[in-house]
Amino acid sequence: WFYLGIFEALGVTLSIFTFLRTLAFTHTGLRASNRLHARLSLVVMQGTMTFFDTTPVGRIIARFATDMNKIDETLPQAVEI
């Protein structure tokens, strides 16, 4: 019974640390994504008028969405490694 209690304590401890790790990664990933989104939108808004005259709005939005999607997908994987 003694060893069973040790294994149980290790399992509970591992579960708690796994939950905390997941919580930390999620919080950090969301914060980083929000910061990158804010910076990216600021840079796009600071573009020249000729850029907005020659580039269709749909292409700008599609590129913005694609870049943010790539960041949201690859950032958590890069942090976990």
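Reply: Helices (H or I, at least four residues) and strands (E, at least two) are DSSP runs that are numbered from the N terminus. This is a predicted model, in which local features need pLDDT of at least 70 and side-chain atom pairs count only at pLDDT 80 or more, while totals for chains, interfaces and linings use all residues. Residues are numbered from 1 along each chain as its sequence is written, and side-chain values use heavy atoms, with hydrogens and water left out.

Helix H1 covers residues 2-45, and Phe19 is found in it. With a relative accessibility of 52%, Phe19 counts as exposed (buried means under 20% relative accessible area, exposed over 50%, and partly exposed in between, with a 1.4 Å probe and protein chains only). Together with Val12, Ile16, Phe17, Leu20 and Leu23, Phe19 makes a nonpolar surface patch of about 620 Å². Such patches are made of residues with over 30% relative accessible area and no salt bridge, with like charges joined within 9 Å and nonpolar side chains (Val, Leu, Ile, Met, Phe, Trp, Tyr) within 5 Å; the areas come from the Shrake-Rupley method with a 1.4 Å probe, and for residues only the protein chains shown count as cover.

Helix H1 also holds Ser33, which, at 11% relative accessibility, counts as buried. Once its neighbours within four places in sequence are set aside, Ser33 is in contact (heavy atoms within 4.5 Å) with Met68 and Asp72.

As for aromatic side chains, the structure holds 2 aromatic pairs, where rings of Phe, Tyr and Trp (its six-membered ring) pair if their centres lie within 6.5 Å, and where planes under 30 degrees apart count as stacked, over 60 as edge-to-face and the rest as tilted. Phe2 and Tyr3 form an edge-to-face pair, at 5.6 Å centre to centre and with 70° between the planes; Phe2, at 63% relative accessibility, counts as exposed, and Tyr3 is exposed as well, with a relative accessible area of 62%. The rings of Phe51 and Phe52 have centres 5.3 Å apart and planes at 70°, so this pair is edge-to-face too. Phe51 is partly exposed, with a relative accessible area of 35%, and Phe52, at 28% relative accessibility, counts as partly exposed.

The count of salt bridges comes to 1, the rule being a side-chain nitrogen of Lys or Arg within 4 Å of a carboxyl oxygen of Asp or Glu. Arg63 forms this salt bridge with Asp67, and the closest N and O atoms are 3.2 Å apart. Because Arg63 and Asp67 are 4 residues apart in helix H3, they are separated by about one helical turn. Arg63 is exposed, with a relative accessible area of 56%, whereas Asp67 is partly exposed, at 24%.

The mean pLDDT (the predictor's confidence in each residue, from 0 to 100) of the protein chain is 88, and 98% of its residues reach 70 or more. Confidence is lowest in helix H3 (residues 57-80), at a mean of 85, and highest in helix H2 (residues 49-54), at 91. Where pLDDT is low, the predicted coordinates should not be read in detail.
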